[in-house]
Amino acid sequence: MRIVVGSGKGGTGKTFLSVNLFCFLEEQGIPVSFADCDVEEPNADLFLKGEVKSVETVFQNLPVIDTAACTFCGKCHDYCAFNAIMFIKNLEYISISEELCHDCGACLYACEFDAISEKKKELGKVRIMQSTKGNRIVDGLTNIGVYSGVRVIKSAVKKLENQGVEILDAPPGTSCPFVTTASFGDYVILVTEPTWFGLNDLKLAVETVRGMKKEFGVVINRAGDGEDPVSDYLKKEGIELLAKIPFDHKIAKWYSEGKIPVLESSDLHKIFYEIQRKLKI
Amino acid sequence: MKEIAIISGKGGTGKTCISAAFSRFVESVVMIDADVDAANQHIILQPDNYIEEEYVGGEFAKIDYNKCIACGLCASYCRFDAITQNKGKVLIEEAACEGCKLCMRVCPSSAISMQEDHESRWYAGKIKNGVLFHARLAPGMDNSGKLVSLLRTEAKNYAKTNNEDLILIDGSPGVGCPVISTITGVNEVVIVVEATQSALHDLKRAVEVSREFKHIPTVIINKYSLNEEISTEIENWCTENELKVIGKIPFDLVFHEAVQARMPIPDFAEKSEINSLLFDIWQQIYS
């Protein structure tokens, strides 16, 4: 079973939930692996502290134009859907904007004069690690200045062990990096907070996962006694509430230090047991 | 005209509340919510939208099965694992399609066409002391950076025509395309960090991306009282790296209460200590 933990809004506690769930299941001896798919800002390793077993570099292809063979016909420029080829016919000028290139191969296909070849460009790294209990942890990290982490996410997920429960910590938002991660999941947990910000972004995330026809449920993090627009919304929409995690200074402090609160607090232990039961793990 | 961007690396550090507060400390502001896939600024500033425009951000491939001969050539060319063949039937997964059109071009039976996304929108709306430019990117769409650039161009045009001096940009989390589009060419970058190990880690990446685009950012430490040791660690790291910490804000429920009341802090709690602290910080950014 593959569980994707996402949120819409940043900072609601995706990483909190996913690392605690991982450690909680691991503690019971359940086979579990973990992938940090927030490849722009991966944080899970600060908590899981896995031992690095190997590191793989993720590349993309970049076209190289041989201007001696190029006839400046402009076909590659016309085929590029991402405006990554700058072309001025009269001046016989052609060049590639590296950061706009999506590595689709359209220019290579377009060129009739064998003037385009490809070179490799590094996008980031995927680390394969092992927890103290021997379970696999992977994370991805994009290089600074790289526009999209999608390829690094795909490479990271491919390194999971394909046995037992797999937890994917997704990037924030609802655009392509999140959708890429969610597309790998059998179930999506959306973590939100009981505020108008949380609700607004939860609705966007719900719309996204419903559009992808994924099964999903919601965890409300940092719940308090005050007004809670999220619970009302969940009831009205008939969305499963997996758990409410109360705001607790102690939990916030442990977490800020990189500790795993579910291993420290019996209240939190009960809440995660409830999540486990509802997910039928 | 001055453009100031507020970013964070990690999400949830308080960018939106802090930038909403800043926007109220000037007489007139042009505000941009550049977090186009999870915009929140409109909840606080409650704009009265006078522009709602479609943004055609992306395209994806669609198969006409009356024409498809199931040759599988498209699948062999697709580099995004977006096309699979199941018992002969060719399937395109929209979520994985990046809209490169190569499948359409290689198809021998012209069975593939491109469909545009018509769900994304951008808006401009009057707020109490200015205008808010914001947007809503359809789920799973590429090109969030392009949408941020569009908002910035529209905001700049508005500012020029109306002699506005200040554009304030509330950025998105991360260091990818929307953030790069947010900070490209602005006059100043401010990073909001919180007192957690994760936020410190993400701060370093946010600083790196700022430097890549020739900015020397200033730093605000939010919720420092959650963990003063880590807050000190962040300050030390900033000093070592010649970055100025322009303010430290304690954890305070007034932020949460103001969001629930859908108001910026200066309107919700004008007399509070947090408000005067925010005002002092703002003086260091813009005066």
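Hi everyone, let me start with contacts. In chain A, take the contacts between residues at least 6 apart in sequence: 73% of them join residues at least 24 apart. Two residues count as in contact here if their C-beta atoms, placed from the backbone, lie within 7 Å.

A word on the source: this is a predicted model, where local features need pLDDT of at least 70, side-chain atom pairs count only at pLDDT 80 or more, and totals for chains, interfaces and linings use all residues. Residues are numbered from 1 along each chain as its sequence is written, while chains are lettered from A and ligands numbered from 1 in the order in which they are written.

Staying with chain A, its C-alpha trace spans about 70 × 45 × 30 Å along the principal axes. Of its 281 residues, 50% are buried, meaning that 20 or more other C-beta atoms lie within 10 Å of the residue's own, again placed from the backbone. We have ten helices and eleven strands in this chain; these are DSSP runs numbered from the N terminus, with helices being H or I of at least four residues and strands E of at least two.

Now over to chain B. Which strands form its open sheet, and in what order? There are nine, running β3-β8-β9-β2-β10-β1-β11-β12-β13, with mixed pairing; strands pair if DSSP finds at least two bridges between them. β3 (48-54) and β13 (245-248) of chain B each have a single partner strand, so they stand at the edges with one side lacking a neighbour in the sheet.

Inside that sheet, β2 (residues 29-33) and β10 (residues 166-170) of chain B run parallel and are joined by four bridges. One pair to click on: B:Met31 has B:Leu168 in β10(B) as its bridge partner.

Finally, where do the chains meet? The contact takes 50 residues from chain A and 52 from chain B. On the chain B side, the elements giving two or more residues are α4 (102-106), α5 (144-161), α6 (177-183), α7 (197-212) and α9 (254-260). α7(B) gives the most to that side, with eight residues.

Thanks, happy to chat!

How values were computed: A residue is buried if 20 or more other C-beta atoms lie within 10 Å of its own, exposed if 12 or fewer, and partly exposed in between; C-beta atoms are placed from the backbone.
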